[in-house]
Each structure stands twice: as structure tokens, then as C-alpha cells.
Amino acid sequence: MSSFIYRNEGPDTDETVYTIAFHNGYWLMVWNPRRKGWEMPGGHVKENESRLLAAKREYREESGFDVDIRDVLDLGYCYVFAAFLCEQVTGVYEMLPKLFDEIPQHLAFSKKEYEEVIPWARDALFGNPKH
């Protein structure tokens, strides 16, 4: 179990991050009850916090899992991280986590965005065999 604490209670900035983390070909999403949809774990970067630490903190807070982040994509309005899913380090989390191999119905955000960033994250982690 990891002993590093990612908790940061500082004020939010305008920057947002989310992480797409893979395990055995599946990626983890969380059910957001407020938005009534599936989404990637993420949220706002806090003051005096790096985007990388914000992505790790948000992932753990929302899903209970740690991630091994390997790449980042700037969408202009949000930073998306590609990662390997690590162990679940806490049974206390904000949202219900679930593994998927297809984009589910009832999304909290745009399906079109996920259709673009999930393949990017897969390629960033595993390479693109088409090239």
C-alpha cells in the first residue's frame, strides 16, 4: 500500500485534468451521481499543485486507485493523462469505479471526446501497431 498522501485542500484553479488508466486492455471509469453518468476520474488542479499531482490525487479520491502516469495531452481546455492502473489503495472513494473495454452509455461528458482520447492514451502507453 502506498504511503504517499495526495490530499490537497487548497483552493481550485481554472485548470482541469483527467486520467485514462488501463489494466489488461480495460480502462477505468467512475459513475458520477451528480452528473448521472460515467466519466474518467479527474477534476481541478489546486493552487500550488502540479497538474501531475492533481491527476494522481483526483484519481485516488474518486476511484481509490493509484496510477502510473506516462504521458499527457493538452486539449486546450483540459489536460488528459495516459496511465497504467495500479493497485486499489483505499476502500474510501467518491464514485463507483468500473472497468470497461467499450465506451459505456450514460456518459457525463461527450462521447466524441472519449472516442478521440481513449485511442490516444492506448497508443501513448502501448504504441501504435499500425505504424
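Me: On a 1 Å grid over the protein atoms alone, a pocket is an open set of points where a 1.4 Å probe fits, with protein on both sides within 12 Å along at least five of seven lines. What is the volume of the largest pocket?

Reply: About 440 Å³, where a volume is the space filled by probe spheres set on the grid points, joined across faces, edges and corners. Bear in mind that this is a predicted model: local features need pLDDT of at least 70 and side-chain atom pairs pLDDT 80 or more, while totals for chains, interfaces and linings use all residues. Residues are numbered from 1 along each chain as its sequence is written, and side-chain values use heavy atoms, leaving out hydrogens and water.

Me: What makes a residue part of the lining, and which ones are closest to the centre of the largest pocket?

Reply: A lining residue has an atom within 4 Å of a point. The largest pocket has 27 of them, and the closest to its centre are Arg35, Glu39, Gly42, Gly43 and His44. Among the elements giving two or more residues are strand E4 (42-46) and helix H1 (51-63); helices (H or I, at least four residues) and strands (E, at least two) are DSSP runs numbered from the N terminus.

Me: How does that lining divide into nonpolar, polar and charged?

Reply: Eight nonpolar, six polar and 13 charged. Asp, Glu, Lys and Arg count as charged, while Ala, Val, Leu, Ile, Met, Phe, Trp, Tyr, Cys and Pro are nonpolar and the others, Gly among them, polar.

Me: Why is Glu39 called buried, but Arg35 partly exposed?

Reply: Buried means under 20% relative accessible area, exposed over 50%, and partly exposed in between (1.4 Å probe, protein chains only). Glu39 has 2%, so it counts as buried, whereas Arg35 has 35% and so is partly exposed.

Me: What makes Arg57 part of a network?

Reply: Salt bridges link Glu49, Arg57, Glu58 and Glu61. Arg57 meets Glu58 at 3.1 Å and Glu61 at 3.4 Å. Glu61 and Arg57 both lie in helix H1, four residues apart, about one turn of the helix. Arg57 is buried, at 1%, as are Glu58 at 8% and Glu61 at 14%.

Me: And why is the Trp31 and Trp38 pair called edge-to-face?

Reply: Rings of Phe, Tyr and Trp (its six-membered ring) pair if their centres lie within 6.5 Å; planes under 30 degrees apart are stacked, over 60 edge-to-face, and the rest tilted. The centres of Trp31 and Trp38 are 5.4 Å apart with 70 degrees between the planes, so edge-to-face it is. Trp38 also pairs edge-to-face with Phe100, at 4.9 Å and 75 degrees.

How values were computed:
A salt bridge is a side-chain nitrogen of Lys or Arg within 4 Å of a carboxyl oxygen of Asp or Glu.
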